[in-house]
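Subject: Handover of a structure and notes on what was found

Dear colleague,

I am handing over the structure below for your files. Please look through it first and then read the notes that follow.

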Amino acid sequence: MHALDVLGDPVRRRILELLAEGEASAGAVGATIGEEFGISQPAVSQHLKVLRDNGFATVRPEGTKRLYAVDSRGPSEAREWLSTFERFWLPKLAALDTELARGRRQRRLTSKTTSKQQTPQKET
């Protein structure tokens, strides 16, 4: 399964968001996902298995719990594939950044001019 196929499912994306906050038990993930998406614990377990099998999550036993965490391999593979297309959006993002900086500079200059005009002059 391709990394973007894994990420194409909203349930798996949400699980990764939860795991990005820190390690979580299968039960905790299942409870949150079950509440948000209305799916069963076995269905959540299948999504966790897909994430684990495709390098997006790791699992370690701790007593009777199974603790899941994000595995950097999966997101790295997705980023690597997407980097091929950066040339389409990076120049546009750079241009947006320039325009935002210009707007901030203009507001700052306008604010300074306005505050100078509002400062009362001393009488001599």
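The model is predicted, so local features need pLDDT of at least 70 and side-chain atom pairs count only at pLDDT 80 or more, while totals for chains, interfaces and linings use all residues. Residues are numbered from 1 along each chain as its sequence is written, and side-chain values use heavy atoms, with hydrogens and water left out.

Helices (H or I, at least four residues) and strands (E, at least two) are DSSP runs, numbered from the N terminus.

The sheet

Three strands make up an open sheet, ordered β1-β3-β2, with antiparallel pairing. Two strands are taken to pair if DSSP finds at least two bridges between them. At the edges are β1 and β2, each of which pairs on one side only. Between β2 and strand β3 (residues 65-70) there are six bridges, and the two run antiparallel. Within this part of the sheet, A57 stands opposite V70 in β3. In general, strands of a sheet pair through backbone hydrogen bonds, either parallel or antiparallel.

Salt bridges

A salt bridge is counted when a side-chain nitrogen of Lys or Arg is within 4 Å of a carboxyl oxygen of Asp or Glu. By this rule there are seven salt bridges. For accessibility, buried means under 20% relative accessible area, exposed over 50%, and partly exposed in between (1.4 Å probe, protein chains only).

One of the salt bridges links the side chains of E17 and R14, at 3.4 Å from N to O. These two residues are three apart in helix α2 (residues 10-20), so about one helical turn separates them. E17 is partly exposed, with a relative accessible area of 47%.

Another joins the side chains of E23 and R60, at 2.9 Å from N to O. Because E23 lies in the loop between α2 and β1 (24-25) and R60 in strand β2 (residues 57-62), this pair ties together parts that are 37 residues apart in sequence. Both partners are partly exposed: E23 has a relative accessible area of 42%, and R60 has one of 35%.

K49 also forms a salt bridge, with D53, and their closest N and O atoms are 2.6 Å apart. Both residues belong to helix α4 (residues 41-53), four residues apart, or about one turn of the helix. K49 is partly exposed at 36% relative accessible area, and D53 is partly exposed at 49%.

D9 is located in the loop between α1 (3-7) and α2. Lys and Arg count as positive and Asp and Glu as negative, with His and the chain ends not counted. D9 is buried yet has no salt bridge, and the nearest side chain of opposite charge, R12, is 4.3 Å away. The D9 side chain does reach the backbone nitrogen of V11, at 2.8 Å.

A nonpolar surface patch

W81, L82, F85, F88, W89, L90, L93, L96 and L100 make a nonpolar surface patch of about 810 Å². Patches are made of residues with over 30% relative accessible area and no salt bridge, with like charges joined within 9 Å and nonpolar side chains (Val, Leu, Ile, Met, Phe, Trp, Tyr) within 5 Å. Accessible areas come from the Shrake-Rupley method with a 1.4 Å probe, and for residues only the protein chains shown count as cover. The elements giving two or more residues to the patch are α5 (73-82) and α6 (86-118). Of these, α6 gives the most, with six residues. W81 is in helix α5 and is partly exposed, with a relative accessible area of 39%.

Yours sincerely

How values were computed
Polar contact = N/O pair within 3.5 Å; in protein donor to acceptor, adjacent residues only side chain to side chain.
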